[in-house]
Amino acid sequence: MEKLLKKVKDWRSVSRNAEPELSRSQYSLVSTGELTAEALQVWLKLPRKIKYDPDLEPFQKRYEKEIAQSDIPLEQNGARESKRLPLVKSAPHLNNNKEDGQAFDGIDEKPNDESLGHKSSEKQSKLAQTGHYIKMSFLLGCWTFFTLAFLMYNEKEHITRQSALYPGETKTFSLNVSRNDLAVHLKLKGPFLTEQSEDKINGSEFKKSNKFVVWLEQMSTGMVSKPWPIVLQDGDFDFSIGESRSSVLKISTNSSADISLRMTSTANESAPFTITYTIDPIDAATGVIYACILLCGLYVLIIFEVINRTMAAVIIATAALGVISILGERPSLPELISWLDVETLLLLFSMMILVAIMAETGMFDFLAVYTFEVTKGKLWPLITVLCAITALLSTFLDNVTTVLLMTPVTIRLCEVMDMDPVPILMSMVLFSNIGGTATPVGDPPNVIIASNRAVVLAGINFTNFTMHMTLGILLVCIQTYFQLRFIYRDTSKLRLNVPREIQDLRHQISIWRRAIESLPHLSKDTHVVRERLERKMRKLNAQLEVMIKESSKRVCPKDTFHTTLTQLKDKYKIRDKPLLLKATFAITFVVVVFFLHSIPELNRVSLGWTALLGAILLLTLADREDLEPILHRVEWSTLLFFAALFVLMEALSKLGLIEFIGGLTEALILKVDEGSRLAVALILLLWVSGVSSAFVDNIPLTTMMVRVVTALGSNPTLNLPIQPLIWALSFGACLGGNGTLIGASANVVCAGVAEQHGYKISFVQFFKIGFPVMIGHLIVATAYLLLCHCVFTWH
């Protein structure tokens, strides 16, 4: 031992006078001239992973040269490793008294308090149990409510009568009702002018025109309600098509004598008519309150994921039926079925069958690998290609169809590239709704708008509709792309897992960091070792930054791209080429006929029927003995959700919510002076329809709002051009659907397909991305409409 100490002292005296053999640089981390015996002792106490790192090799060489011959052997490769000496307990938080490597194996030692964990789990269990009881109580309460409503109230009876009114005749029809206050909802069909045409007539023309007048009267007292005059058509009434008109008549009397319905005509010929009336219709103010409560209930159940999305829609839709039953408007079963948009359900069902059979061929896997090859494994080019293809297809195909075709490809592509499909799918469906806004056939609200008779008479056809909308949609696409780039500027949000190379490097850095933190600040020799470790840390961190920067641009590392591509091509091939040819033929037929819908002369088969014909064709060509596997892949949950949503929206319309929104918009526009009326009308229509369609399904909303728009455009006192109002409604109703998960049909379909593949898109997830993007849509569309129609008067 004395001999060893003497050698160490001699070595220390020589080392003080010698020049360092290595420079202090990033690449030469150790200066051998500073390696004292104390520094070697500190090095010996480091964990094995740190101690034998190549950058600390000079420590090992010096140790082997000067000390390995002594009684303190350097043991490795399975030999007994030296223990760390107990250090001063001046910094117990550094775990200085642990054995070598004890704190660096990636395992943090924590106090094992079993009793504390048991109490915490018991508390969580009790909270979960309480939440379950509250949920079940609420759901059973809803069930009890609408069950009692159906048991206690009969279906609403709509009384229909037919008659004819001769010149100068006044007819009386007894309602067999004796009340002080009575409201009657009347629906007349006969040779009447449309409501829009009647609004265009000025005061003097209105007085001169022939009218059909209806009112309520209590025969015993002579008290009458406010009369309802309806302008009759010019010309012969015989074999006329007839026009439906509706209104609510109210009367208040001092006695409860019988009240009758009376009518007369100023025409010179008999006027045939059909009358349908309902006693005591739903009060508008009360109905809107109930509608808002029901809508809030639906969103609470969906946002907080209390129950399954489909089940929530079914329960709230049935509760809405219970409410209108109590209010005296319970629908019959045939009427309830008529509320369903069978066209949309048929389109969805047929396209699901086509996609299910196409998936069996391996085509979606092949397209995913091909897209990976085209984009060379780069992240944002990949997302850009997917979104661009989706938007382009949605301009001429229905966006629901586009989403059904693109979602399986996107999910498979994300799985191949180890990306999270949810943000990519949300981006894709946003662009699907944007693309569908550009043409009259791309989105259901546009189909409703373009097919309206007043819109067609205003000269709006496929060509000028597309021309006016496309430029604005291009601007919206640019805004959406850059906004999504900003939202996902941290590309780690787009990945399922951090790349393995980055994980390994971060783990290595954490080991070195903990090694540095374990060294006490007690001597110069310890500082020498610390300085070397910190230099190594800086080198590793610089390497990590380079890898993260490369990872943010590429899904697959550049050096392994070709190897990965070869493996993917070998793994994902077309599995059934004959079936692929049959499926391609059937889908091509459907797509071609969809394109033909843009030509009015060839638009004889609806979208739903076209898809059904394609599905029948493919099932025939596939010649399957057992259809069960294919039918199992149909998303029945999504179809049921749509059905429940259609019933709910029609019930909300019965309660007056949709009409209230339209009436409020119209009233606000009427209050503005003529100079700025067009600008205010554009802004109001765009934002009201946009925000409303984010929370209310845009199909019934558009059906109501298009009536408001045509009424505003035909009102002579307002003097507003109808074309800009139509564009504003189209932008708002279609783009507003991007705001929430249930705002547009394509959103629901995409979520349903993703859930079938094991990826759940929650309401909150979609809202966080979709709603800010939707606000951006409306801002860009507002600027575009004001510039085109208020500055340059494009219309």
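What share of the contacts in the protein chain with a separation of 6 or more is accounted for by residues 24 or more positions apart? The share is 80%. The model is a predicted one. Its protein chain has 31 helices and 9 strands, and 49% of its 795 residues are buried. The accessible surface comes to about 39200 Å², and carbon and sulfur atoms hold 59% of that area. The points below cover aromatic rings, charges over rings, a nonpolar surface patch and salt bridges.

**Aromatic pairs**

- The whole structure contains 16 aromatic pairs.
- In one of these, the ring centres of Phe 192 and Phe 212 are 5.5 Å apart and the planes stand at 65°, so the pair is edge-to-face.
- This pair joins distant parts of the chain, 20 residues apart: Phe 192 is in the loop between strand S3 (181-190) and helix H6 (195-200), and Phe 212 is in strand S4 (residues 211-218).
- Phe 192 has a relative accessible area of 1% and is buried.
- Phe 212 is at 0% relative accessibility and counts as buried too.
- Phe 212 also pairs with Phe 273: the centres are 5.2 Å apart and the planes are at 65°, so this pair is edge-to-face.
- Here the link runs from strand S4, which holds Phe 212, to strand S9 (residues 271-279), which holds Phe 273, across 61 residues.
- Both Phe 212 and Phe 273 are buried.
- Elsewhere, ring pairs join Tyr 299, Phe 695, Phe 763, Phe 767 and Phe 771 into a cluster.

**Charges over rings**

- Lys 211 places its charged end over the ring of Phe 206, at 5.1 Å from the ring centre.
- Arg 489 lies over the face of Phe 486, and its distance from the ring centre is 4.2 Å.

**Nonpolar surface patch**

- A nonpolar patch on the surface is formed by Phe 145, Leu 148, Leu 151, Met 152, Tyr 153 and Ile 326.
- Together these residues have about 590 Å² of accessible area.
- Helix H5 (residues 114-152) supplies the largest share of the patch, with 4 residues.
- Phe 145 is placed in helix H5.
- With a relative accessible area of 31%, Phe 145 is partly exposed.
- Why does Phe 145, at 31%, count as partly exposed? Buried means under 20% and exposed means over 50%, so a value of 31% falls in between.

**Salt bridges**

- The count of salt bridges is 11.
- One of them joins Arg 262 and Glu 217, whose closest N and O atoms are 3.1 Å apart.
- Arg 262 is in strand S8 (residues 258-265) and Glu 217 is in strand S4, so this bridge ties together parts that are 45 residues apart in sequence.
- Arg 262 and Glu 217 are both buried.
- Glu 305 counts as partly exposed at 39% relative accessibility, and Lys 760 counts as partly exposed at 49%.
- Glu 360 and Arg 624 form another salt bridge, with 2.5 Å between the closest N and O atoms.
- Glu 360 belongs to helix H11 (residues 342-360), while Arg 624 is in the loop between helix H23 (607-622) and helix H24 (628-632); the pair links distant parts of the chain, 264 residues apart.
- Glu 360 is partly exposed, with 24% relative accessibility, and Arg 624 is partly exposed, with 30%.
- Asp 365, Arg 412, Glu 415 and Arg 575 are joined in a network of salt bridges.

How values were computed. Residues are numbered from 1 along each chain as its sequence is written. This is a predicted model: local features need pLDDT of at least 70, side-chain atom pairs count only at pLDDT 80 or more; totals for chains, interfaces and linings use all residues. Side-chain values use heavy atoms; hydrogens and water are left out. Rings of Phe, Tyr and Trp (its six-membered ring) pair if their centres lie within 6.5 Å; planes under 30 degrees apart count as stacked, over 60 as edge-to-face and the rest as tilted. Helices (H or I, at least four residues) and strands (E, at least two) are DSSP runs, numbered from the N terminus. Buried means under 20% relative accessible area, exposed over 50%, partly exposed in between (1.4 Å probe, protein chains only). A charge sits over a ring if NZ of Lys or CZ of Arg is within 6 Å of the ring centre and within 35 degrees of the ring normal. Patches are made of residues with over 30% relative accessible area and no salt bridge: like charges are joined within 9 Å, nonpolar side chains (Val, Leu, Ile, Met, Phe, Trp, Tyr) within 5 Å. Accessible areas come from the Shrake-Rupley method with a 1.4 Å probe; for residues, only the protein chains shown count as cover. A salt bridge is a side-chain nitrogen of Lys or Arg within 4 Å of a carboxyl oxygen of Asp or Glu. Contact means heavy atoms within 4.5 Å.
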